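Reader: I would like to learn how to read a protein model, feature by feature. Please take me through one.

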Amino acid sequence: LSLSFFPSGLTHESHKKDVEQVYLRCSEGSIEWMYPTGALIVNLRPNTSPASYKHLTVCIKPFKDSAGANIYLEKTGELKLLVRDGDRSPSKVYCFGYDQGGLFIEATPQQDISRKITGFQYELMSKGMASDLHTVSAPCRPCSDTEVLLAVCTNDFVIRGSIQDVTNKAEEQESIIHVGVNKLYRQKSKVFQLTGENGNWRGQIKTPLECGVKPGDGDFLFTGRMHFGEARLGCAPRFKDFQRMYKEAKDKGLNPCEIGPD
């Protein structure tokens, strides 16, 4: 879902104090508030049972040039500032429990609102998945055999590949792993694609800078989740180790799903 919202403040001075409401049914999408005046209440109403709401986490990622409004978490009239107008923290993601409240976006006084656009991407996910994505140490520690086998069955992408290069982004506190794909088992989005005349598969995976990923020889099994359109690294054992653990689990009848490990 992509929603662009145009208030009427450009033409009517009285609308500066208006509070508009929008209702979103999609589990992920984006909002652009053009020429913000007054306030905007964003109501997330996913197409799931209300009983499951307590198990959901909401994450928002402001656009790089978002400006013109403060974003608050609102519950029963109390406001908690999430994103201050003008905050330029690159790639920063803000998460909160669905039951902690909704989003209240309030325009800040501007000399020229026609130059301002407030916008962000949003995602709803299970609390367990959100914890995995946003716990800094999680992608850095080795996964257990059980975690690897479960990741193979449940993650958004599973590939066998090698590390071609690593680009470190100090400002964003992230590393970009440039992966050459030898076998594509599954991908939710087209992050890994055929490139070049030789028809080689390539793609990029992001992970926290502090994990210290470096280029190295040999194949790995890369698994992970899609988050705001980017591949985030989960478990990544050496491929020979994955072959061992998969065979051991299969021999015991304990592998949670079938996948060709060769």
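Author: We go from overall totals to strands, cores, salt bridges and backbone angles.

Author: This is a predicted model, so local features need pLDDT of at least 70, side-chain atom pairs count only at pLDDT 80 or more, and totals for chains, interfaces and linings use all residues. Residues are numbered from 1 along each chain as its sequence is written, and side-chain values use heavy atoms, with hydrogens and water left out.

Reader: Start with the inventory. How many helices and strands does the chain have?

Author: Helices (H or I, at least four residues) and strands (E, at least two) are DSSP runs, numbered from the N terminus. Here the chain has 3 helices and 16 strands.

Reader: What share of the residues is buried?

Author: Buried means under 20% relative accessible area, exposed over 50%, and partly exposed in between (1.4 Å probe, protein chains only). Of the 262 residues in the chain, 41% are buried. The accessible surface (Shrake-Rupley method, 1.4 Å probe; for residues, only the protein chains shown count as cover) comes to about 14400 Å². Carbon and sulfur atoms hold 48% of that surface.

Reader: Now strand pairing. Which strands pair with β10?

Author: Two strands pair if DSSP finds at least two bridges between them. Strand β3 (residues 28-34) pairs antiparallel with β10 over 7 bridges. There, G29 has Y122 as its bridge partner. Strand β5 (residues 56-62) also pairs antiparallel with β10, over 7 bridges. V58 stands opposite L124 in β10.

Reader: Why is β10 called largely enclosed?

Author: Strand β10 (residues 117-126) has 7 of its 10 residues buried, so the rest of the structure largely encloses it.

Reader: And β4: in which sense does it pair with β2, parallel or antiparallel?

Author: Strand β2 (residues 19-24) and β4 pair in the parallel sense, over 6 bridges. Y23 has N43 of β4 as its bridge partner. With strand β9 (residues 102-107), β4 runs antiparallel, joined by 4 bridges. I41 has F104 of β9 as its bridge partner. Strand β4 (residues 39-44) is mostly covered, with 5 of its 6 residues buried.

Reader: Next, the cores. Which residues touch the most other members of the largest one?

Author: In soluble globular proteins, nonpolar side chains tend to be buried together. A nonpolar core is a set of buried Ala, Val, Leu, Ile, Met, Phe, Trp, Tyr and Cys residues joined through side-chain atoms within 4.5 Å. The largest core here has 25 residues, and V42, L44, I60, L82, L103, I105 and F120 touch the most other members. A second, separate core of 15 residues includes V166, V213, M226 and A231.

Reader: What does L82 contact?

Author: Contact means heavy atoms within 4.5 Å. Leaving aside neighbours within four places in sequence, L82 is in contact with I60, I71, Y72, L73, Y94, F96 and L103. For the chain, residues 24 or more positions apart account for 66% of the contacts with a separation of 6 or more.

Reader: On to charges. How many salt bridges does the structure hold?

Author: Side chains of opposite charge can pair when their charged atoms come close. A salt bridge is a side-chain nitrogen of Lys or Arg within 4 Å of a carboxyl oxygen of Asp or Glu. The structure holds 10 salt bridges. One of them joins R244 and D145, with the closest N and O atoms 3.5 Å apart. That pair links distant parts of the chain: R244 is in helix α3 (residues 239-251), D145 in helix α2 (residues 145-154), 99 residues apart.

Reader: Is the K206 end of its salt bridge buried or exposed?

Author: K206 pairs with E174 (3.6 Å, N to O). K206 lies in strand β14 and E174 in strand β12, so the pair ties together parts 32 residues apart in sequence. K206 is buried, at 13% relative accessible area. E174 counts as buried too, at 9%. K61, E174, K206, E230 and R232 are linked in a network of salt bridges.

Reader: Last, the backbone. What is the phi of T76?

Author: Most residues other than glycine have a negative phi, and most peptide bonds are trans. T76 has a positive phi of about 45 degrees although it is not a glycine. T76 sits in the loop between β6 (69-75) and β7 (78-83), and is exposed, at 72% relative accessible area. Q173 also has a positive phi, near 55 degrees. Q173 lies in the loop between β11 (157-169) and β12 (174-187).
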